[in-house]
Amino acid sequence: GAGRCHPHPSPRRPRRRPSMLRVAAVVSATVAMAATAGTPAAAAAAVRAARLSARCWRGRHSAGGGGRERGALLAGSVDVVPAGASLAGDLLQVVNWAYRGKKGVDAWTSEDHLLGGVRITAKGLHELLDGQDPAQSVVFAAMAKDRVVGSIHALRHDDGSAEFGLFSVDPSMQSRGIGAKLLDTAEGYARENWSSGKGRMYLLEQRTDLYVWYEKRGYLKTGVKIPFPSDMNEELGIPLVPLQFDELLRVKL
């Protein structure tokens, strides 16, 4: 995934680094919300919001220019390409980092508070890559030079719609436009090659923070709930709490 905090300073005011006390106040206030949250999931969401708020403050005021300019330059230097088996090892690492966390990095897309185990195994990823068919199933990788920094899988359904999944961005590279570029590429491929008019996604209902980003992209909840598959713990993870997916639909790609 990719968060949006629009980190850019006003062009009419000099850029200044924020007081760390100010950053701490943002974080402390949101963590305080977590302490009074009604459920563990709500508390976890509040803590993630605090972390994102701190990153946004730092991004807006960091030395050397505005975060938006740096993010635009970075996203512009990333190429999104069809992924072959040679990228399997790097893709495996990035996907599991994005969904289960990366040591030393606050990944706002992490689901480690909801699921244990890995997001995908080496075997499962190899099967997905080896089974690609340009008319049905394509995995894309975001590449920063020769480094894998993200992924997305596009799958054509019989009704002509396209489903997008395995959406990941290296936690060290999030909030820089890479996720948007991945989704743009996958949607464009589905429109041009499959004549897909609709896009689908399935998001854990607890991930209200991620839903905000998808909603801005035109993906809205249909009201359909999909139970978490009990026979795919090895491939999707081991639920730590009761889970189900919300179906999201973009009616016009």
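Colleague: How many aromatic pairs does the structure hold, and which geometry does the pair of Phe 140 and Tyr 189 have?

Modeller: In this predicted model, the structure holds 6 aromatic pairs. A pair of aromatic rings is described by the distance of the centres and the angle of the planes. For Phe 140 and Tyr 189 the ring centres are 5.5 Å apart and the planes stand at 70 degrees; since planes over 60 degrees apart count as edge-to-face, the geometry of this pair is edge-to-face.

Colleague: How many residues apart in sequence are the parts that the pair of Phe 140 and Tyr 189 ties together?

Modeller: Phe 140 belongs to strand β3, whereas Tyr 189 belongs to helix α6, which covers residues 178-194.

Colleague: Which strands are the edge strands of the open sheet?

Modeller: The open sheet is formed by 7 strands with mixed pairing, and their order is β1-β3-β4-β5-β6-β9-β7. An edge strand here pairs on one side only, and this holds for the strands at residues 78-82 and 220-227, namely β1 and β7.

Colleague: In which sense do strands β6 and β9 pair, and over how many bridges?

Modeller: Strand β6 spans residues 199-204 and strand β9 spans residues 244-250. Within this pairing, Gly 199 of the former stands opposite Arg 250 in β9. The sense is antiparallel, and the pairing extends over 6 bridges.

Colleague: At about what angle does helix α7 run to β6?

Modeller: Helix α7, made of residues 208-216, lies across β5, β6, β7 and β9. Taken against β6, its direction makes an angle of about 170 degrees.

Colleague: Which element gives the most to the lining of the largest pocket?

Modeller: The largest pocket has a volume of about 870 Å³, and of its 34 lining residues the closest to the centre are Arg 119, Glu 163, Gly 165, Leu 166 and Leu 236. The lining divides into 22 nonpolar, 6 polar and 6 charged residues. Several elements each supply at least two residues, including α4, α5, β4 and α7, but the most, 6 residues, comes from β5.

Colleague: Leaving aside neighbours within four places in sequence, with which residues is Pro 229 in contact?

Modeller: Pro 229 lies in the loop between β7 and α8, and its C-alpha atom is separated by 8.6 Å from that of Gln 244, 15 residues apart along the chain. With neighbours within four places in sequence left aside, the contacts of Pro 229 are with Leu 236 and Phe 245.

Terms used: Residues numbered from 1 in each chain as written. Predicted model: local features only at pLDDT ≥ 70, side-chain atom pairs only at ≥ 80, totals over all residues. Heavy atoms only, no water. Pairing = 2+ DSSP bridges. Helix = DSSP H or I, 4+ residues; strand = E, 2+ residues; numbered from the N terminus. Contact = heavy atoms within 4.5 Å. Axes fitted to C-alpha atoms, helices over the stretch in contact; angles between N-to-C directions. 1 Å grid on protein atoms, 1.4 Å probe; cavity = no way out; pocket = protein on both sides within 12 Å on 5 of 7 lines; lining within 4 Å. Points joined across faces, edges and corners; volume = space filled by probe spheres on them. Nonpolar A, V, L, I, M, F, W, Y, C, P; charged D, E, K, R; others polar. Phe/Tyr/Trp six-rings, centres within 6.5 Å; stacked < 30°, edge-to-face > 60°.
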